[in-house]
Amino acid sequence: MNGLQKIFKQTALGERPTGVEWFDAVRHRAVLTWGEMELPDTKTEDYRRFNLRAAMESVACRAEGDCSMFEPLDLEGEVVRCDNGRVADAEYSILTPPPIAEYGSLTSAIASAVLNTALAEDAVVVRVARGESRKVVLDSRFKGTKGALAVSRVLVVVEEGASLELSDVCRTEGEVVALRCREVIVGRDANVKIADVVENPEGTVIDHRYTSQAEGSSTRALFGDVSRGASRVDVVTLLNGPHAEAVCDGVYVATHGVRDIRLDVQHLAGECQSSELIKGIAAEGGRGSFAGRIYVAPDSQKTDASLLNRNIVLGTDAKIYTKPTLEIYADDVKCSHGATVGQLDPEAVYYMRQRGLSQQAAERLQLLGFAAEVVERFGGQAAERIAAAVEHKLQTL
Amino acid sequence: MLLEVKNLHANVAGKEVLRGINFEVRPGEVHAIMGPNGSGKSTFASVLAGNPKFEVTAGEVLYDGVDLLSLPIEERARQGLFLGFQYPVEIPGVSMASFMKAAVAERRKALGLEPLSSAEFLKLVREKSKIVELDGKLVSRSVNEGFSGGEKKKNEIFQMAMLEPRLAVLDETDSGLDIDALRIVATGVQRLRTPQNATVVITHYQRLLDYIIPDFVHVLYKGQIIYSGDKTLALKLEREGYDWLIGSQQ
């Protein structure tokens, strides 16, 4: 029996119950769903370069590491700390009554989300009440040795007319596998801004970020991934009501491992807008893989959607894979998609060198400029943190 | 002598473009280089700056007594050689401010000076942008991105003002400028003149030289300087074209 099976057995047989009956029941249902699923790998999954099966088969036990050595985050807002998936403050824990009606509604067929639901032993809950406005910082810490699995789950409910600014910072120590999942349920006319920062030196991050938006709501998201390890991210956004708007941008620097990003924006109602701009830099043998889809359901007329993936490849041993797609079943829509893969502009490097910058400084400035577009579009402290992390990462190239 | 070019030959893609240029510049001088299209004017400027597209096959360039051709591009710049680009490059995402701050720091370092503080740098930006009437907002934008043709050229002279070069080579700084922008750019260059620095202006038109009065005017043709004179040469070329010179070459 491998490590994952052991963890499953504990969960399924209730050997590690949380003691919260309704939560354990949700987990149990997910265990049953999982039982009917196969662990996907790069052969069975379309356009994925992170092998989920291999990553999960390498798991030996749950991560139990002490996460107190990370520096406190220098970001404004109420801080919710979560160590290897366990919520430090009971006020934000799903295990604190009453039961949360929205939890477990995630019926995604995405394997990592089902696995996460089955294995999560706690979850962060942030509920922003109707008309309220909050700023929250999620300090997600993971620590464990090779083969240790940490499962982290977050549920965010933003009620009608409310607004939330969420900074979700993921840091890892050691070769831990962090299995993360976040559901964001955005009510009518609500406003959400989310920044995701992944700063792990060598761990593996498997993330599922799901957002469901009601009529007239608006979300703006930015992710920055400068990790050394491998990561796999699924970003799913559902626009369920008319006049909803979603912007999702991202920037990553892939070195050594693989960055595997899947983005899926579903226009399930008409007159919605969405825009995605993902920028990738691959260097030093790193691989970046992007599969994006805009789906426009029948009758989702007057959809306005754009999807763009731009990449820079440095050196001969780095690789970029990209596949933006449109799937449109309505006829009165404005949709665009595109991808570019290029290298640094030698004319720009020459221009900057003619002003006295070294070749290395000119190249770095150009790469920073490449990333800056998405960072500036988002703005604020978390974006600055992403920019600083990208800059720091580029200095190591 | 600030610049001594001796028998300079250069190729691009295997084709010889410069065929033995001899040229000297002393501190305080302004030289104008004119000549028909394709005569090698921009190539000459690029070779001085160190553009890797061009291969120097023979000759020597001494800059302040130092072998210029042995220095990397950035070292030439740090030592005070400035090239005003004919087609300034757009660099998306790189702000003019951060770019110039890095450039000024390198130039100051080469001069043995401490880097400027943020406040000093901003003061310098304000002061120098006035010289070319450059909209201060452009400094917070990406390098040349979305700039009009005139703004790009003003921006070149603004950078020149910021870096205070010893030798500025301005490659067709007047091309694409309307009358007002031309006056502003040219007046800016004139204001930056000192007895210690020198300027080489590459141009097609005499009108730029109404503002930047040259001490010498040279005609470059088929990769060689075929004729040199004082400022009246530019007026004669404006009136009579190049035929009287080229004819004598053929």
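In chain A of this predicted model, strand 11 (residues 218-225) and strand 13 (residues 245-255) run parallel and share eight bridges. If you want a spot to look at, find G224(A), which sits opposite V251(A) in strand 13 of chain A.

**The sheet in chain A**

Those two strands belong to an open sheet of ten strands in chain A, ordered 3-2-5-7-9-11-13-15-17-19, with mixed pairing. Its edges are strand 3 (86-87) and strand 19 (334-342) of chain A; each has a single partner strand, so one side of each is left without a neighbour in the sheet.

Two helices of chain A pack on this sheet. Helix 6 (residues 359-378) of chain A touches strand 9 (191-198), strand 11, strand 13, strand 15 (273-283) and strand 17 (304-313) of chain A, and its direction makes about 150 degrees with that of strand 13 of chain A. Helix 7 (residues 381-395) of chain A touches strand 7 (163-173), strand 9, strand 11 and strand 13 of chain A, with its direction at about 20 degrees to that of strand 9 of chain A.

While you're in chain A, have a look at V333(A). You'll find V333(A) in the loop between strand 18 (319-328) and strand 19 of chain A. Leaving aside neighbours within four places in sequence, V333(A) is in contact with V296(A), Q301(A), T303(A) and I328(A). R53(A) is another matter: R53(A) and V333(A) are 280 residues apart along the chain, and their C-alpha atoms are separated by 38 Å.

**The sheet in chain B**

Chain B has an open sheet of six strands in the order 6-9-10-3-11-12, also with mixed pairing. Here strand 6 (81-84) and strand 12 (224-229) of chain B take the edges, each with a single partner strand, so one side of each is left without a neighbour in the sheet. On average, and with direction ignored, neighbouring strands of this sheet are turned by 20 degrees against each other.

| Strand pair (chain B) | Bridges | Example pair |
|---|---|---|
| strand 3 (residues 30-34) and strand 10 (residues 198-202) | four | A32(B) opposite V201(B) |
| strand 3 (residues 30-34) and strand 11 (residues 216-221) | four | A32(B) opposite V217(B) |
| strand 9 (residues 167-171) and strand 10 | five | A168(B) with T199(B) |

Helix 3 of chain B has 15 residues and reaches 21 Å from its first C-alpha to its last, close to the 21 Å expected at 1.5 Å a residue. The buried residues in helix 3 of chain B are M96(B), F99(B), M100(B), A102(B), A103(B), V104(B), E106(B) and R107(B). Just after helix 3 of chain B comes G112(B), with a positive phi of about 75 degrees.

Two packed helices are described by the angle between their axes and the distance between the axes. For helix 3 and helix 5 of chain B, the angle is about 35 degrees and the axes are 9 Å apart. Their crossing is right-handed. On the helix 3 side of chain B, M100(B), A103(B), V104(B) and R107(B) meet Q159(B), M162(B) and L163(B) of helix 5. By class, this contact has five nonpolar residues, one polar and one charged.

**Where the chains meet**

The contact between the chains takes 18 residues from chain A and 21 residues from chain B. On the chain B side, the elements that give two or more residues are helix 2 (73-78), strand 7 (91-95), helix 3 (96-110) and helix 5 (149-163). Which of these gives the most? Helix 3 of chain B does, with five residues. The side of chain B that touches chain A divides into 13 nonpolar, four polar and four charged residues.

Notes. Residues numbered from 1 in each chain as written. Chains lettered and ligands numbered in written order. Predicted model: local features only at pLDDT ≥ 70, side-chain atom pairs only at ≥ 80, totals over all residues. Contact = placed C-beta atoms within 7 Å. Nonpolar A, V, L, I, M, F, W, Y, C, P; charged D, E, K, R; others polar. Pairing = 2+ DSSP bridges. Axes fitted to C-alpha atoms, helices over the stretch in contact; angles between N-to-C directions. Left-handed = near helix turned anticlockwise from the far one by under 90°. Expected span 1.5 Å × (residues − 1). Buried ≥ 20, exposed ≤ 12 C-beta atoms within 10 Å, placed from the backbone.
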